[in-house]
Amino acid sequence: MTLTAQIAVFLAATVIAVPLFRRLRLSAVLGYLAAGVVIGPWGFDLFGDVESVLHFAEFGVVLLLFVIGLELQPSRLWVMRHAVFAAGAAQVLITTAALAVAARLLGQPWPAALVIAFALSLSSTALILQVLAERGELTTRHGRATFGVLLFQDLAIMPALVLLPLAAGAGSLEFEWRSVLVPLVAVAVVVVAGRYLLRPLLRAVAGTKVQEAFTAAALLVVVGTALLFDAVGLSMALGAFMAGVLLADSEYRHELEADIAPFKGLLLGLFFIAVGMSANLGVLLEAPLAVIGLTLAYLALKAATCTVAARLARQSSASAWRTGVALAGGGEFAFVLFALATGGGIVSQATADLLVIVVTLSLVASPLLIAASDALAKRWAPPPPPPAYDAIESEEPRVIIAGFGRFGQVVARVLRARQIRFTTLEASPAQVDFVRRYGNRLHYGDASRLDLLRAAGTAQARLLVIAVDDVEASMRIAELARRHFPKVRVLARARNRQHAFRLMEAGVTEIWRETFASSLELAETALVALGTPREVAAAQVRRFRAHDEQTLQQQAAMKDDEEKLIATARAASRQLEQLFEADNASTREVRS
């Protein structure tokens, strides 16, 4: 089958399976896994080299970890240190100990039992985060705790990859030193490059104003970091996560996330399809009761140990249980560890095949367990406590400001003075660099792109301030906001009346003409300087403003009819003169 035909098969499987499973109110991940089984060796057998597909699809996990890293600024990561290191270490140690005892009771020698137990203690970062994101639970207490444990598991993989070959007797003392020093050098290179080289590189590419070049640069950052870590025997996903964390405080964070998101979604779906394709159903068919029994026992034991670990990390009973259920399934990295253990003679091939199908079945069961746990919690459990980690929750912006020119800067300064959190998007790299030199926080990106608005958190914000100078860009933002974020209140800047008419037509009702308010202030000051009492001048300006706003609304309905516009303007002018005459008459009466 040609590459084009393979791509067509993957896309067709996605288009058919995912909507079907979502219609059945099941996780999209289950749809991907089922599609993989159907087109894999135990279905239509459309692909000969499943391992190559799985290896390529692992890049979806790499992109996922990069995007997660972008979301975790170092300050937020420091807030999560307890969830990562305390809860994560407790989960890995307790689960590994319990599973090692179980493996030993089932006849495995201690070296094999420890390797098997550690591999089974890991969970699928990609699958769990995807399911929790679909359910909107990533920001809940158990969602944050689950992510912290998953992050520790990814960190724990690094020493496991170094120690496993040594345990198999595959290296000398010289190899051991290299296995420790080379990864440390790679980490140091990524940290230094991320701190001092990546921002100038992205700034230079952004200066070209060629969107495709910036997208290529974003992918190059991820691919380059992943390849470096892979070359020294570390997890590619861990390398991408580190690169994301190092760029989390940069002005390019949201633009990077928006550019990576489409690739991440497609490749992550391909990864789940490849997992379904790689399932060796022959082992299941040979001994179905034994495999299903082992899978159920594994899920129960791991859910219990993860719950205990969460309780030791001071989570509430309800949150600890939901964390335990979310982590109950196995992880795709167990496949890698089983392969290494088999190659080193620690675990037999038959045992590895059996464990691979057990882990695969647990992956399939994980979304169902999470959904069942959620349903039970809503039905029987008391209302959950307020979400923890308030310091992280407060990172969500309350206001999105599109454009940071002379108009948007004033809005941002007022919000900052009131300590109201906002995210600013500016499409000019030169403007971004200039403003950041004065200590302001803003992000490079074109706010007229839907993916960037989503990445910036517009769906969760209360206000969207459209302050861009370009009329066409302003209109694109307004139309996207009304169509995709109908609950977000939109405040828009208009350059003139025609711009205001177009914004009104797009559904924006709160519009500020950029020179209108300042012109009225000047006019009021001029009246006072000419001898008009201040209260009279203020009243006349208020009357003029109300009249002009009313006229604007009337003219909006006939903006394309020039004759009617002229007639309306003349009528409005005559009416305004009559109003002023009435004001003058009443003022004279008061004075007399």
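**Exercise 1. Work out how E5 and strand E6 (residues 510-513) pair, and how the chain gets from E5 to E6.**

Start with the pairing: E5 and E6 run parallel, joined over four bridges (strands pair if DSSP finds at least two bridges between them; helices, H or I, need at least four residues and strands, E, at least two, as DSSP runs numbered from the N terminus). Next, pick out a bridge: Ala494 partners Arg513 in E6. Then follow the chain: it passes from E5 through H25 to E6, a right-handed β-α-β crossover (with the strands pointing away from the viewer, the path from the first strand over the helix to the second runs clockwise).

A quick word on the source: this is a predicted model, where local features need pLDDT of at least 70, side-chain atom pairs count only at pLDDT 80 or more, and totals for chains, interfaces and linings use all residues. Residues are numbered from 1 along each chain as its sequence is written, and side-chain values use heavy atoms, leaving out hydrogens and water.

**Exercise 2. Which residues of H24 are buried?**

Go along the helix: Ala473, Ser474, Met475, Ile477, Ala478, Leu480 and Ala481 are buried.

Conventions:
Buried means under 20% relative accessible area, exposed over 50%, partly exposed in between (1.4 Å probe, protein chains only).
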